[in-house]
Amino acid sequence: MGSDSVKENKEYIKGRGAQYNPSSPYLKNEYVVEHLEGVDEAWEHKSATQFFIENPKKIVNEVDSPDLGLVYSMNPYQGCEHGCIYCYARNSHTYWGLGAGVDFEQKIVIKENAPQVLQAQLEKPSWVVRPIMLAGNTDCYQPIEAKKKLTRQLLEVLLRYRHPVSLITKNALILRDLDLLQELSRHRLVHVSVSVTTLQESLRQKMEPRTATGQKRLGVVRTLSEAGVPVNVMVAPIIPGLNDHEVPAILEAAAHAGALSAAYTVVRLNGAIGEIFEDWVTKAYPERASKVLNQIKSCHGGTLNDSQFGRRMVGEGKWAETIRSLFKISYQKHFKDRQMPAYDLSLFTPKSGKQLTFF
């Protein structure tokens, strides 16, 4: 597996998030493109998605970030076909010797034994019950899930063991598992977050090329809510100059669809994501790229990235404060008397859990 590190594409490539593929710092060798006789021709990334099987010994990891509290994270897939240009998970793809750009969208690692490993971890005497984020890195309902059904199998395990879980997705495929989500909800064991970044279809097509439309995601919120599944809407990330003005409209639509809460983050472009995003916005929105980049920097002390706990999610400075105020006012207007239900952590049933029936 290799990557091309040259920004060969001069024009914007439709249907693709990242416009090129920076090389992985963990890869000693890489594949490059050499044109005969020095002809300068662009290499278009139209190859089919590749899938690689991994069988990890551990699937649930502790999250020790002060921003998120005491939770676990579980990711059945590494890499994501959705291709969201800003995705922080791109950086983790480099640990596999792959690029954070096109590789992240085209070379997907499938953790095929995830359900079995989850069950083994839940059976450990040292296991401490707290919510598991499914997934904390890449979308657990990305396209390959329709075939592999790993997320559904993980939910089945969690339901058998009566273990709390939170899910976050941009894909309407989650509705396939409505039966499991309803049963988990009946026991107060599930929270679902639906990410609604923009209602501008032209922006979504460029920024999140292979995700469900904003309207379809609101439909997911409505269907889940009507079925009794508690839903939070994530307006994340908010990108100054692109979608920040949409905050009031998104919150109003989310509340109307039945969401019980909402949250936001301000975009931060750590590691390789900074150069990938800068290349993308220059090609996708050349007339306002400079403004967008400068406003992002103004939220993070003059840089595109920020790793400081407590500040990294919401930023600082004038633009960050403007976003914070806009979100707060809209939230108070539409979500004032709503809240997500508390989890019930007392129902966890190890050992005998696998004998429980679903319904």
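**Figure 1. R217 in helix α7.** R217 sits in helix α7, which covers residues 214–226. In this predicted model, R217 has a relative accessibility of 2% and therefore counts as buried, the cut-off being under 20%.

**Figure 2. The open sheet of 7 strands.** The strands follow the order β2-β3-β6-β7-β8-β9-β10, and their pairing is mixed. Strands β2 (60–63) and β10 (261–266) form the edges, each pairing on one side only. From one strand to the next, the twist averages 25°. Within this view, β6 (residues 132–134) runs parallel to β7 (residues 165–169), and 3 bridges link the two. I132 has V165 in β7 as its bridge partner. In general, strands of a sheet pair through backbone hydrogen bonds, in either a parallel or an antiparallel sense.

**Figure 3. H191 in strand β8.** Strand β8 spans residues 190–195 and contains H191. The relative accessibility of H191 is 16%, so this residue counts as buried. Leaving out neighbours within four places in sequence, the contacts of H191 include V165, S166 and L167. P230, M340, P341 and Y343 are also in contact with H191.

**Figure 4. The open sheet of 3 strands.** Here the strand order is β1-β5-β4, with mixed pairing. The edges are β1 (50–54) and β4 (77–78), each of which pairs on one side only. Strand β5 (residues 107–111) runs parallel to β1, and 5 bridges join them. In β5, I108 stands opposite F51.

**Figure 5. Helix α11 and its two faces.** Helix α11 consists of 18 residues, 318–335. At 1.5 Å a residue the helix should span 26 Å, and the 25 Å between its end C-alpha atoms agrees with this. The buried residues of α11 are A320, I323, F327, S330, H334 and F335. These residues lie on the same side of α11, because they cover an arc of only 105° around the axis. An α-helix has 3.6 residues a turn, so residues three or four places apart point the same way. Elements covering the buried residues of α11 include β9 (231–238), α8 (247–256) and β10. On the face turned away from the buried side are the exposed residues K318, K328, I329 and K333.

**Figure 6. L155 and the nonpolar cores.** The largest nonpolar core holds 59 residues, and L118, L155 and L167 have the most contacts inside it. Not counting residues up to four places away in sequence, L155 touches L134, Y141, V165 and L167, among others. D177, L180, L181 and L184 are also touched by L155. Another core lies apart from the largest one and has 27 residues, among them A89, A100, A272 and I296. In soluble globular proteins, nonpolar side chains tend to be buried together.

**Figure 7. Two cis peptide bonds.** A135 belongs to the loop between β6 and α3 (145–148). Another cis peptide bond links A236 to P237, where omega is about -5°. P237 lies in strand β9.

Figure 8. K149 is not a glycine, yet its phi is positive, near 60°. This residue is in the loop between α3 and α4 (150–160). With 41% relative accessibility, K149 counts as partly exposed, because that class lies between 20% and 50%. R162, also not a glycine, has a positive phi of about 55°. The loop between α4 and β7 holds R162. R162 counts as buried, because its relative accessibility is 12%.

Technical notes
Residues numbered from 1 in each chain as written. Predicted model: local features only at pLDDT ≥ 70, side-chain atom pairs only at ≥ 80, totals over all residues. Heavy atoms only, no water. Pairing = 2+ DSSP bridges. Helix = DSSP H or I, 4+ residues; strand = E, 2+ residues; numbered from the N terminus. Axes fitted to C-alpha atoms, helices over the stretch in contact; angles between N-to-C directions. Buried < 20%, exposed > 50% of the residue type's maximum accessible area, 1.4 Å probe, protein only. Expected span 1.5 Å × (residues − 1). Arc of directions from axis to C-beta. Contact = heavy atoms within 4.5 Å. Core = buried A, V, L, I, M, F, W, Y, C linked by side-chain atoms within 4.5 Å.
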